[in-house]
Each structure stands twice: as structure tokens, then as C-alpha cells.
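Dear colleague,

Please find the structure below. My notes on it come after.

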Amino acid sequence: MAEMPIHFLLIEPFTDITAHGVSLGEDGELFSYSALDLFYMLGFMEDFNELIEFIEYDRTEKAEIMIIGGKSNLFFTWKNAHYHIASGSIEYNSISVSYGSTDEYVYEYFTKELMNYPFNLQSKMFTNPYSWKVMEGEWGYSHVEHKGCLGFGGEVKKIGPSTFLFLAQNVEFFIEEDFSMNNHTALRTTNELNQRLFNRYGEILAGFPILNSKVLQVMFMPMHYAKKVDHSGFTMNRSKKYVYSDIYIDTDTIIIRYAVNQEDLMFAMMNAGDKSVESAYFLELLEPLREHNQSSFSELESVVIKDFSLKKEVGVFTIEQDYFYSDMAISVQSEAHNFVKARKEIARVCFSAGAEPGEYSGKSATRVIRRMQTSIVKVFEDQISQYSKKHLHNKVLNYYTTQLHGIIVNRKRYSSFNNLDPVVQEEFEQKTRNIREEFRRNLRTAQYLLESNLAIQHQDNNSECKKDEFENLLAFADWLVVLQDNADTCHFTDFDVLIQIDDEYKVDNIFSEIGVLQYEEILRRKYEQQDYPIKNDETDKEYLIQCASAFFIDTGIELGMLISLFEYLQLKVLDNPFVEEIYPNVFQAQPDKLISDFLTLFLELKHDDQKKAENALNFITLDCNKLKLLNGTIHDILPFWDREKRDNRFDVKPVVMQDGKCIFSPVVIKQLATYWKSGFLEWYIPFEINMENVKLVLTKWKKRYEDEMVQDIANAFLDKGFYPVFPELELASRFPQNEFPDNLGDYDVIAVDKSKKEIWLIESKVLQKVGSIYEDQMQQKSFFYQHKDDEKFQRRIDYIKNNLCKIIDALKLDALDYEVIPYMVTNKLFTSRYKKLDFSIISYHELMTRIK
């Protein structure tokens, strides 16, 4: 407290809203404001920290500031600019704040943010709109949080001309167990269910006489709290199955308090095939209204019961989690002002580097980014060096695990629902895709920050990184990753993205409209995708054994030992007292104790098992001194762009040694286990450097499926009633009497649907997965511009279309008016991004859905 600065605020007793004035502010003068300005700022500030930041800005701003109106005009100008009026590298000598900034902000706030606010009701709770922090919610609701009562808030919406709904929660009712993952998920599900149900039946409820000119507050209570405050016995009502509720009637508010039988409700919703459970829950919730509005409630009940057979709007699913994840993970999210701050730092470097304002594309865009990239990274790393390396690592690792867990869960969530109402299903799928992709983006940002922290030297007198400072670092890291990715993309193509530098040297990315649409379509297809499956037969088992042998030759590590260590670290190890959770989802342990305990799980120990286990642990332990190493060279910046040749990176070596102890997270270990297990089965291991023997086996394994996918496609056509079906058909050799040209090559599959008079032409391609922009661009270049596989297929398509009668005769088909349907079919999602094709490229899975 002794080190905290004291600010003296001079208040002018001026409150005339109709008066006008002009003030000139200069650096260093005492901060003064009118009482009217104070009213505005106290009413619209996010919290007192924001007001303190504004005071500090006004105190230190070097520019001469001319304000037409009160100081609140400057406050709202500063607030709208995300705390940086000079957001680029150019610092202003003078700033003119026009009259009306306050009025405009207030008008926008009241007409947009407060569109759901009950101004027309005489509600004591909502008398003062400045008491509430209001944000846009989902499904037409606004989310509100009371500024004076921490943890009290919820979702609000007008459900009728004079009826206001408040779905309320109060954190003071909760105990620690209520924040467990299962309870939190159940609460979030119940909240969504309530919002959807009140949307559906809100107009009917608004017609209840008792709710006229009233606030209907529906207050959630955990069951233990409900029983504690239950003076009427409503929690003992045996006629209720899913939810217990009672009612309090005030002059301006009707309060329905409720507690949910969460386990029974979630189980019933998971197994329901229609809206019956949702509807029954809603009627139970509102049952206390029946005695006060019998006829109105009967009308509502009739409508709700009629909807029993409709498709449900909210789904529930369960997942089996074979790794530890803490319910107490700390929530962190960078806001707009964090990104603006990072962008300003980049603008300063851009100006210093001599980059000229303008738009850049292709290799010129890459050059302009590369020119300033090292300097930008230096600024970033200097900021990191101020903080404790260990504390920041724990903080970033917690954030990293949260993003990774979100990726895992939302992928399972996406594929778990397919029986919702069609409109809700589409909305759910899009929302889940967006959430998961945001987690994926944040994960790369977190890895960049984490590796940067471990790679650099830190100052001696460093401190712990505070929440707002951490969010600034995340925003900066996000910008650096985006610039790196876009520089790589621009190096290979003039399409997709432009780099723009404005007159204040702010750097921006401009994505082409076609590129954005293409990305959205690819994303949608990706989530509906299932890769071509391997057969898991004896041949595949033999290849896997060969991979394990090759892996040992390449690394000296027994693959079975490594997989067992993964399984131990992602869950089992946490049962031991020598393992300490030093941060949510972050653990530390002595390596010797960890190895000793791991070996106790072996039924029969061999003399060299301890050495093998130590080697396996070393194999996944990060060498922080080599984080910037690539191709034998230590780079000035993290070579974050490379996957194949960069084996010393956090996602493949997630154990970090600090003070003689292993620091790790079970979630990351789980993901690494998945990388290696799926890497062999998909012929795509986490890195390829020094893996020559493994790569030879994987090449042979992949070749097997290049041959077999053709036959699998042919068999699928036969199973669906296509006939005749010709796999690997060369026209010239198969039909020598027809004098077909011998330079066409094989048609992988020709399948005929006589009933629809269709001839399907299939070109089968088994492709390697890609994991970086470089790999993706090289695959595009090789496929379409070097080998020109598309042009070869197009030539075969054109020949059949131009010689259709001759083909029909050779195939001994009766009719002449057949339609030719060509597809290039791949084992994974693949598309031509830069070359226009006259045929579609679809995956094996997509082909199977089209020939059903």
C-alpha cells in the first residue's frame, strides 16, 4: 500500500447538461473535471481500474488536448479507441475532441446495449441502468452483471410489451463443489434450455395477468442452498421429477426460485428423442404460477404438451476422459484494448524499419514483414524478460491446457448431436466449429508465448506477471503468429491475403473475399469429414510392428515403453504424494521418483527397463537451449513455421526441467500420445528429422492404401448396385478392337448406374497430411503445377465426354444418353486453392455419402 501512488482529483461543481465549454489540457497539469463529467464516467466505466487508467493517460499525454465540452468527451473518445487515441507509431502534438462524443456514446449505448432494458417498468432492481454491466448475449438476450453485487447477474429479455424476464444467478449461493466440471456443464446446459424455452413460450407467458408490468425473475439455486432456504417444503415435492420451484410475489417483481435435479435431468435429456423432457421440465419450473393464473397456465400447458413430439432443442452427451483436467483452470481472454496495445508496438517497429505505407502482396508482403520481424520479436521478448520465467511458464501452460482441452471436448461435442431441431442443429454446428477454431488459434498463440519465455534470458529483478500484463503478452503473441503465417502464405501466392500498412504505420491483414468463403467452406467440410480408414488387419499390424522397430533404430526408444509412459503421465501418476499441483493443470515431480513409481506398474521388470524408461522421459523433455534451432542454425526468432525438421518444440517435448523437477501437464501428454498413435496410422508423425527408417516403413504402408483405395471404391459402387464397374481400366488394352489411344493412362474406377443413366469416372488419390503453411503450399504446387495430376484426369474426362458413343459401345450399354459424372477422390479433405478445375475433388467419405 505504501508504494501505491495517490491521485488528487479536482471537482468543479458544474452539472448543467445544456451548457457548452472549451478546455485546453497540457501535460502535467492537475486532473480536474466537472461533477457532470464524473457522473458520466462513473456511470459508464467498466470498473475503477479503467477510471484510474484514464486518469493516468490524461496525466501523461504529451499532446495539447482541446476539448469542446467536458472532460467526459475525452474519456469516451479514449474508451472508444480502446485506450489508445494515438493507436499507431505517430504521436500527436495536439488532439481535438469534438463536441458530442459523450452524447453519441450514450445514445449508442441506450439504443443498442440497453435494447432489452425494462425502462417502461417500475422496477426497483432495474431503476438505475448504470448499476449494470450489459453485454450482448445469445438468442436475443442481453447478459447483465451487477456492478455493486459481485457475482449477481444473468440473462435478460423483454418477452412482452410490459413483461421483462430475468434469468438470474448469484455466485454467493455457490460452494466450491458447485464449480466442478460436471456441475458447471449442467448449469450451462440448464441456462441454455431456459433461454430457448422462454423464447418459444415467452409471448404466452407475457399474457398472464399476474406478469403484466412486472419483472419475472427466475432465480437458480444449487440444491444444497435451496434446501437451506426452503421454508415451504418445495424441495420435498415428490410430484416433481426434474426441477423444484416456489414463487414470491412483490409489487414490481415475480420471483420464481428453482433448484434442478441435475443428474436426472441431464440423463433424461441425453436419452430423449424429442422435446418431451424439455417440455416437462418447463412445466415443472413454472408450476407455481398455476395457482395464481389457472386459466392462463392451462393454455400454456396445452401448447407445451403439443410440442412433446417435436425434435429437441438442447442435447446432452457424455465423454470418457482418460486424462486429468482441473475444474479450477483460470480463465483468461485478451480483449480489444490488449490487441490495440500490441498493434501499436508493431507500428512503432514498422516505422523504425522504414516500411512505407501501402498494400503489399506476394513476396513483397513477405519481405516487408521479414524486414521488421526480428525487431518486433525483440520488443516482445524484452517484455517477457521482465517476468519470472517459472511463474510465467506455469501461467502460460495453464492457458495452453485450457485451450487444448477445449479443442478435444468440442470435437467430441460436435459429433455427438445429430437429432436436434434442424434450425438448432445448424446453429449448434456453426457455433461449435467457431468455438473450437478459436481454441485452436489460441493454442498456437500460447505455444509461441510459452516457447519464447523458455528460450530467452530473463532479467535478474523480475516479477510475477499480472492478469492484464499476461493478456497483453497473449495479444502480442497472437499478432506475431498471424504475421508469421501471413508472411509464409504471401511467399507462395499473391492470392488469399494482403498486408496493409496505413499512414500511422499500423499493420493489418486483408483477406480476399474468395479466400474467406473458401476457408469457411473447407472448415464446414472438415468437421463433417471422416478420413479414409485403414483396415487394422494383420497386414497393418505387421506394418505397425515394423514402425516400432524402425522407431527404435532411429531414436533408441522402445515405442511400447513410450506409450506406457504417456498413459502413466496423463492420469495415473497424479495418485502419488510426490506429485505436486503447482498451478491448475500444472504439476511437478522429481524425475527419479517418477521413474521409480512408473516401473512399479510393470508385471515383470527387466534389468534395463529403468534405463529405457529414463530414455523415454528424456525423449519428451524439452531442451530450452535449442528452441530456436533449425537446420543446425540458431535463429533470432522462433522457427515456429517448421514441423518436419523441428523436433525440439513444446508440443512434442512437453516436459520442462526446472530446479531439478519435471514440470508437465497431463492434458498435453494426452495430446502427444494421440499425435504419435495417430501419426503412425495416418503415416504422418509429429516430426520427421532423424526418422529415416520410420519414413521408409510409412511410405510402404501408404503405398498399400494407394492400391487398395481404388478397389474399395470399386467395391462400394458394386455394393450400391452400380454395374458394370471397372477398376484400374486402361481403355486401349482392355478394348483393343476399339482403337482407343494408348496415352490416356488408367481410369481408376469407371462405374455405371444404368437406372439413372450415369457413368461415374473416379480418380483415386491417397495424399499425405500437412501440418504447416509450407507443407500445404508445397503439396498444392506439387499436385497441380509440377505433376499436374488434375490435367491428366481432365484429359481422360474430356476423352470420354467427346467419345461417349464409342465408350457406350465398348461398355455394351443399351442407351446413348448417359451423363458423365467425374470426381477426384482423396483419402482426406483436399481442394485446389489457386487453380480452377472443371471437376470436383471430394473425400472418400463424401463419395460414400453421395452413392448411398
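This is a predicted model: local features need pLDDT of at least 70, side-chain atom pairs count only at pLDDT 80 or more; totals for chains, interfaces and linings use all residues.

Residues are numbered from 1 along each chain as its sequence is written, and side-chain values use heavy atoms, with hydrogens and water left out.

Helix pair. Helices (H or I, at least four residues) and strands (E, at least two) are DSSP runs, numbered from the N terminus. The axes of H1 (residues 35–44) and H3 (residues 71–80) come within 8 Å and cross at roughly 25°. Axes here are lines fitted to C-alpha atoms, for helices over the stretch in contact, with angles from 0 to 180 degrees between N-to-C directions. H1 is therefore roughly parallel to H3 (angles under 35 degrees count as such). Asp37, Tyr40, Met41 and Phe44 of H1 meet Lys71, Ser72, Phe75, Phe76 and Lys79 of H3; contact means heavy atoms within 4.5 Å.

Sheet. Five strands form an open sheet in the order S22-S23-S24-S25-S26, with mixed pairing; two strands pair if DSSP finds at least two bridges between them. At the edges are S22 (725–729) and S26 (840–843), each pairing on one side only. From one strand to the next, the twist averages 25°. S24 (residues 758–765) and S25 (residues 819–826) run parallel and are joined by eight bridges. Lys765 has Thr826 in S25 as its bridge partner. Helix H24 (residues 789–802) lies across S23 (747–753), S24 and S25, at about 160° to S25.

Regards

How values were computed:
Angles under 35 degrees count as roughly parallel, over 145 as roughly antiparallel, 65 to 115 as roughly perpendicular and the rest as oblique.
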